[in-house]
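Hi,

Here is the structure I promised to pass on.

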Amino acid sequence: MPRIPLEDNFNDVINKAQRGLKISDEELSKLSEVSPEDLTAAKAGSPNYGVIRRLARHLRLSPDALEVLAKKRWYPKQPVFPRSFAAFNTPHEDMTVNSYLIWDPRDRSAAAFDTGANCEEMLSLISAEKLNLHYIFLTHTHPDHIAALPQLAAATKAQVWSSELEPVDFPGARTFKENAHFHLGSLAIKTLLTSGHSPGQTTFYVTGLSWPLAIVGDSIFASSMGSSPTHHSEQWRNDREKILVLPRDTVLACGHGPLTTVAQERENNPFFAHPKPVNKPSTPNVPDNEHA
Ligand SMILES: [Fe+2]
């Protein structure tokens with residue numbers, strides 16, 4: 001698959017954080033001692049690193065990670081699954097959306113996570129690998145993630161499952177609660193409620209593949225997170241408490257943008273990276289985590 005660009009630029013991260021924390025331009029400008037003109041320019045994508053760092057401190061973002069993002073110096077190392085995992089990236093309006101397929105290599109049972117804007121490529125792989133699609137799991141029901149649901153469900157007769165808290169309008173769809181378990185041959189799938197971006201948004205934690213895998217929908221992206229103007233803190237908390245606590249080598253398969261890992265996001269995501277220790281050994285009270 002061609003390299004998928006990061007979903008968000010540094011200014012998207014600034015805008016998401018500001019909207020989520022409900023801080024007005026006026027307030028942010030005053031708090032961070034950034035002029036209204038410089039603030040407007042930064043929010044539009046002008047990379048003035050001094051300004052960006054000052055804004056980060058008042059938006060609960062890591063100044064270092066935000067600066068690295070602005071300098072386009074980081075892209076997640078791509079984990080490789082030798083088998084039993086496939087990612088699909090399909091265009092939807094002015095963006096692209098991801099969907100995923102996993103399967104047990106022995107009994108060929110498979111599960112899809114979201115459908116993408118179209119499912120042609122997924123259906124071809126199901127047929128080429130002689131898979132039997134048992135489940136279509138929905139991370140959430142925003143239109144880009146389920147655009148091909150009628151086609152995929154009709155072609156495979158798979159069961160459609162989503163959280164009981166997510167609005168779902170599909171005949172025959174079944175719902176699960178948080179911490180539900182599914183089995184697919186030798187693979188185990190556990191549902192984690194990582195709401196915020198949508199009310200029942202779910203992360204599916206899969207074990208039994210080459211790496212632990214979390215299919216996170218729009219909960220978190222490489223270097224960013226899904227937007228949630230109304231439930232930003234809930235999304236942030238769920239990401240921190242339910243996703244970033246998974247084993248460090250867990251692969252994060254996001255709804256948009258490239259694959260990443262827990263370890264890489266803990267280090268590089270401006271919303272979650274711990275700031276590097278401040279070089280002031282004589283000041284013992286400098287917090288090492290601005291999010292705390
Ligand atoms: Fe979404």
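A residue counts as buried if 20 or more other C-beta atoms lie within 10 Å of its own, exposed if 12 or fewer, and partly exposed in between, with C-beta atoms placed from the backbone. By that rule phenylalanine 170 is partly exposed, because it has 15 C-beta neighbours inside 10 Å.

Before the rest: this is a predicted model, where local features need pLDDT of at least 70 and side-chain atom pairs count only at pLDDT 80 or more, while totals for chains, interfaces and linings use all residues. Residues are numbered from 1 along each chain as its sequence is written.

Phenylalanine 170 is in the loop between β5 (159–163) and β6 (174–176); helices (H or I, at least four residues) and strands (E, at least two) are DSSP runs, numbered from the N terminus. Leaving out residues up to four places away in sequence, phenylalanine 170 touches Leu149 and Val160, where contact means C-beta atoms, placed from the backbone, within 7 Å.

Now the domains, with bounds from an automatic or database domain assignment: domain 1 covers 10–70 and domain 2 covers 85–268. Their centres, taken over C-alpha atoms, are 31 Å apart. Nine residues of domain 1 are in contact with seven of domain 2. On the domain 1 side, α1 (10–21) and α5 (63–70) each supply at least two residues, and α1 gives the largest share, six residues.

Within the helices, which residues of α2 meet α4? Leu28, Leu31 and Ser32 in α2 meet Arg54, Leu55, Arg57 and His58 in α4.

Cheers

Conventions
Contact = placed C-beta atoms within 7 Å.
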